[in-house]
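Subject: A structure for you to look through

Dear colleague,

Please open it first, and then read the notes below beside it.

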Amino acid sequence: MINGIIRLFYSEIVKTKIKNLPSSEYELRKEGKDIQNITLRIDSVFFKALKIIIGIFALIVAFDIKIILGIEVLLLEVAYFFYKRKLEVNVKEHIENMKNSIEITRENILDDRGKSGINALITLIIIGVLTGFNTILVISFLTVFLFTIKHICSNIK
């Protein structure tokens with residue numbers, strides 16, 4: 001019974017102390033912010049290096065399987081690199097516009113036609129791996145790749 005009374009008083013005291021705390025956000029010390037920024041930079045560099053290593057490994061494996069597969073994977077990685085760069089620029093512009101409270105319409109770079117072109121490229125690569133990359137397949141891959149890149153670039157203004 002005494003323990004229950006002590007818990008009741010303790011919980012009431014804690015509740016009143018919590019209610020009296022300021023409701024504003026707490027700020028980290030400068031050292032804490034510096035450490036947080038350093039760890040974010042290290043994580044960013046680590047993940048970029050990991051992406052590069054995985055890309056190089058995929059290229060090496062693709063070139064070991066077939067030269068044509070390696071070239072196709074290289075073309076896809078280059079297209080992905082340019083798409084990622086454009087996406088980063090769009091995100092940064094959008095963040096700046098949000099900061100300035102300026103509303104702009106979002107440009108859709110990759111529409112349904114572009115997505116179906118990329119799906120066709122991936123399908124052609126899979127079929128090429130299974131069938132041994134005959135000439136017709138390589139020509140159709142290059143044709144679809146060129147038209148898909150042309151379509152994606154035409155959407156970028």
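Before the findings, one definition is needed: the rings of Phe, Tyr and Trp (for Trp, its six-membered ring) are called a pair if their centres lie within 6.5 Å, and the pair is stacked when the planes are under 30 degrees apart, edge-to-face when they are over 60, and tilted in the remaining cases. Please also keep in mind that this is a predicted model.

With that definition, a search of the whole structure turns up 3 aromatic pairs. One of them joins Phe46 and Phe47, whose ring centres are 5.4 Å apart and whose planes meet at 65°, so this pair is edge-to-face. Phe47 itself is partly exposed, since its relative accessible area is 48%. Another pair is made by Phe141 and Phe145, and here the rings are stacked, with 6.1 Å from centre to centre and 15° between the planes. Both of these residues belong to helix 5, which covers residues 135-155, and they sit 4 residues apart, which is about one turn of the helix. Are Phe141 and Phe145 buried or exposed? Phe141 counts as buried because its relative accessibility is 1%, and Phe145 likewise counts as buried, at 10%, the cut-off for buried being under 20%.

Turning to the chain as a whole, you will find 5 helices and 0 strands, so that the pattern read along the sequence is α-α-α-α-α. Of its 157 residues, 16% count as buried, and the accessible surface comes to about 13,200 Å², with 68% of this belonging to carbon and sulfur atoms. If you take the contacts between residues at least 6 apart in sequence, 59% of them join residues that are at least 24 apart.

On the surface there is a nonpolar patch formed by Tyr80, Tyr83, Leu87, Val91 and Ile95, which together have about 430 Å² of accessible area. Val91, one of these residues, lies in helix 3 (residues 67-99), and with a relative accessible area of 43% it is partly exposed.

Although Ser116 and Thr148 are 32 residues apart along the chain, their C-alpha atoms are separated by 8.8 Å.

Conventions. Residues are numbered from 1 along each chain as its sequence is written. This is a predicted model: local features need pLDDT of at least 70, side-chain atom pairs count only at pLDDT 80 or more; totals for chains, interfaces and linings use all residues. Side-chain values use heavy atoms; hydrogens and water are left out. Helices (H or I, at least four residues) and strands (E, at least two) are DSSP runs, numbered from the N terminus. Buried means under 20% relative accessible area, exposed over 50%, partly exposed in between (1.4 Å probe, protein chains only). Contact means heavy atoms within 4.5 Å. Accessible areas come from the Shrake-Rupley method with a 1.4 Å probe; for residues, only the protein chains shown count as cover. Patches are made of residues with over 30% relative accessible area and no salt bridge: like charges are joined within 9 Å, nonpolar side chains (Val, Leu, Ile, Met, Phe, Trp, Tyr) within 5 Å. A salt bridge is a side-chain nitrogen of Lys or Arg within 4 Å of a carboxyl oxygen of Asp or Glu.
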